[in-house]
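Student: I would like to learn how to read salt bridges in a model. Please start with the general idea and then go to cases.

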Amino acid sequence: MNFYNFLSLILLCLWSFMAQGQTVSGKVTSSEDGSALPGVNIIEQGTTNGTVTNMDGDFRLNVSSDDAILVFSFIGFLQKEVPVNGQSQINIVLEPDTKQLSEVIVTGYGTQLKQDLTGNIAKVSGEEVQNVPVPSFESAIQGRAPGVFIEAGNGKLGEAIKVRVRGSSSISASNQPLYVIDGIPITSEDQGTNINQPTNPLVDLNFNDVASIEVLKDASAAAIYGSRAANGVIIITTKRGETGKTQINAGYQYGFSKPTRKIGFLNATEYRELYTEATLRFLGVDPVTATPQDRIDAADFLENDVGISGFLSDSVTNTNWEDLAFQDAPYNQFNISAQGGDEKTQFYTGLTWLDQTGILIGNELSKISGRINLDHHATEKLQFGGGLNVVRTVNDRVNNDNAFATPMQLVALSPIDPAYDAETGEPNPNTIYYNGLIERKHAFFTTTVWRTFGNLYGAYEVLPGLTFRSEFGLDVLNQNEEQYQGRETQDGAPLGVGFSRVNQVINYNTNNYFNYQNMNSDVHSIGIDVGMSFQSSQNNITSVQAKGFPDDRLNTIVSATETVAFGSSEEAFTFLSYFLRANYKFQNKYLLTLSSRVDASSKFGENNRYGFFPAVSAGWILSEESFLQNASLLSFLKLRASYGITGNAPASNFSSLGLFEGVNYAGTSGLGTFALPSPDLKWETTAQTDVGIDFGFFDDRLTGEVDYYYKHTTDLLLSKTLPLTSGYTSIFKNIGSMENKGIEVALNSQNLVGEFTWSSSFNIAFNRNKVLDIEGSDIIAEPNRVREGEPLGVFVTRKYAGVDPQTGDALYDDGEGGTTSDYNAAPNLVIGNPNPDFVGGFTNDFMYQGFDLSVFFQFVYGNQVYNDGGRFQSNNASGFFDNQTKDQMRRWQKPGDITDVPRADLLSDVGTQTSSRYMSDASYLRLKTVTLGYNFASGLIENVNLRSLRLFVTVQNLLTFTDYKGWDPEVNYLGTGRTQTNVNLIQGIDFYTAPQARTFTFGVNVGL
């Protein structure tokens, strides 16, 4: 018998065996959110014949007869018996057992039941972030995930948002988490030009398409991503289709935004009073004894020598420049989606259009996003599918905060200057500083992004319980920045200046892995994932600046007569990874997880290209023990602990290499050295220990978790400054260490159930960051510093000690228990910390008949913010001629005055230097989101063929309770010309930074 005859005989026998019964296949999902349930036990009743669902919830089983009964069982869900009745396809929906923690969690390369987790993963459902009127999903989850600190840099649309998972772990590498959408790491770093503030590529994500967001926080949960996971991992899962009738959902929102706060600046009368007094002192005249002629002389000096009109006029303009910085800000969003399918093919498709105007004049954001996700079961063993999301985002931006052209710096202008010329109606060009209204009318800065997220996958069940899955993902970002400053503007005169920058990022990733699930036994359950991952990202940038345009309407670069500057760059990086994870459960109460990952990166030299990142975790479900079975109040109790190592790579793609660059010297091309090599550069590693407890009381009416963690980062990737004599500025080295430690608490309760329901969710997280070692002196970006023994970015400068009652001089702490009026004699002291002591959120949801009300508070406590703009806007008229905040009217005026504001003394810099005078407590409690809705009863809408109808109103940032003196305590100005070290170091800085927006929206959701 040859080989082919033997194979034919084997196949015939197999066919004959299978033909004796029937093959049944299908999918098992949760009734709560429609998510697939992996590891569900399926047994043919009365036999030992059974199987288990794979990671996608699919199963296939040969049964003995057409009238067999299948028993579906899964921890956390009610058992279900289903007769086959000759069916070949059966889809099962399991109901949760309310006495268990049954939430399905995406863990990276798979899913797990929450009660089986031995690591720490926070989950935010897609329903929680839908219809929140913010441009980026990070703002929507702010305060909802314990241990995740999210801070918007300002109130401008489309700009970077800081996200820290359990604190900052690096000085010169990134501290942002890894973002993964449907299994594919995406581009999330700033892609904008350095002449403006950083952009946020995550704005391109449409969070109406999001099904869930998981944050992997501890090493056990995150180590499967190895070198990418030192800062945590945020996994975003988009919506998929479900078997059944096609459901169409449409929604529309309309609203408007206003700033959360206005500070209030001097009016014309107050401005004239304060600056007349300051000028008298500048001219050597005591304001207390000044004669009317002295005051006329001071006014004459200000009007004729300085050029501030209106000091000698009886008719005075009273311009409120702060009001002019803001605009009416409408909000419009429309979205429509459809999902459905049959047993073979399921689909989800969604379309969203957003048009949002920012609160600052000239700031607008529009976006259109289309997505389609498909899943197809080709055979009982083979499944494949994919998704495609195309997005176009247009952001009309304003200048960076440190520019007179930016709207917020309008407040520096004198209130006695008119905003517009009375004769021409044009913005007044004769103000003391540049009038930013000219920029608003005669300039633009537009960033247009075309973004494509795409992924394909195939999954094949090799053996019962063993599945091979292959994924390929693509993230293509094409960004075009166009800036033009017309001939009327300060920087565009006399013939206009244009700037164009094109940036393309092509990022692709492939994952290939086996998943094995064996949960047929009540004693032993095991799940194994083993595979590899490869990522490649390439970035190409071309930019050009030109001047000399024939007309401001012909403002593309081709119309210019002269090139001012040009540049281009090409960078790339790759990661190659191998990973293994094993989950073991014994008797449904003893849990063990082992994982490891090996990563190689092109960012390192050959000496240390590979890194190994292992983790181990264990859990004990005490509530399954016999000694707690009769505990009437306790429904669930689990102890867990984990330890693991994760890594971080430098933000720069060539940190380990010696680099050359092309140079142009007097028209001759050549090569110049650019960077020194660092061949021994190796991975920055973070070892993390986590100990936690999960619990449930009163049939899980009250559930929660408490965690303690300790993170120790070593071999810090540090950009070390070199002496100027070296010819280089810096070199990357592995220097120093840092730690984070903290406690997280999350509580969820069902306070009232029945016709009137009330549920609550509360979370709070404490974190303490400390720089342990940097092998040298402080790293300074005044007033922030990196200093051994202190938190990252600690504020170090002079400590303000008030005002001398006799002279009106500013006083400073002399470091010896006394004070001095000599700024240079005062020592630098630690004066504050930009890192909060704790952060969190508190949600209450109410439902009665068709009405629902959700009230969400978010809070930050214990951090300080340094208002660097205060040196100009609150300097007691002792600097130049900026308008002042109203609190400066309580300045010192005569001997004996007790106040905290020094004397007004023009150009004398009394108390205007960097000091704690401009430091404020930035703690706040914010009523973040309030939503009131009404769901129409089906009996009222079925006559018009509607499945559902909901009307709602939402208010974002309704109230803010804070002692912060500036516009808004949630600020972080990074400036221009940024390096990664500066991005991490500069924290808690306010420099004419726009406040957050208070947004009111009215919406309707319709289901067909």
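Tutor: We will go through salt bridges in this predicted model.

Student: What counts as a salt bridge?

Tutor: The criterion is a side-chain nitrogen of Lys or Arg within 4 Å of a carboxyl oxygen of Asp or Glu.

Student: How many salt bridges does the structure hold?

Tutor: The count is 43. One of them pairs Glu625 with Lys589, with N to O at 3.2 Å. Glu625 sits in the loop between strands S28 and S29, and Lys589 in the loop between strands S26 and S27, so this pair ties together parts 36 residues apart in sequence.

Student: Are Glu625 and Lys589 buried or exposed?

Tutor: Buried means under 20% relative accessible area. Glu625 has 7% relative accessibility, so Glu625 counts as buried. Lys589 is buried as well, at 12%.

Student: Which strands hold Asp694 and Arg640?

Tutor: The side chains of Asp694 and Arg640 form a salt bridge at 2.8 Å, N to O. Asp694 belongs to strand S32 and Arg640 to strand S29, so the link spans parts that are 54 residues apart in sequence. Both residues are buried.

Student: Where do Arg926 and Asp968 lie?

Tutor: Their side chains meet in a salt bridge of 3.1 Å, N to O. Arg926 is in strand S49, while Asp968 is in the loop between strand S50 and helix H11, so the pair connects parts 42 residues apart in sequence. Arg926 is buried at 0% relative accessibility, and Asp968 is buried at 2%.

Student: Which residues are joined into one network by shared partners?

Tutor: The network consists of Arg166, Lys217, Lys638, Arg640, Asp690, Asp694, Asp707 and Glu744.

How values were computed
Residues are numbered from 1 along each chain as its sequence is written. This is a predicted model: local features need pLDDT of at least 70, side-chain atom pairs count only at pLDDT 80 or more; totals for chains, interfaces and linings use all residues. Side-chain values use heavy atoms; hydrogens and water are left out. Helices (H or I, at least four residues) and strands (E, at least two) are DSSP runs, numbered from the N terminus. Buried means under 20% relative accessible area, exposed over 50%, partly exposed in between (1.4 Å probe, protein chains only).
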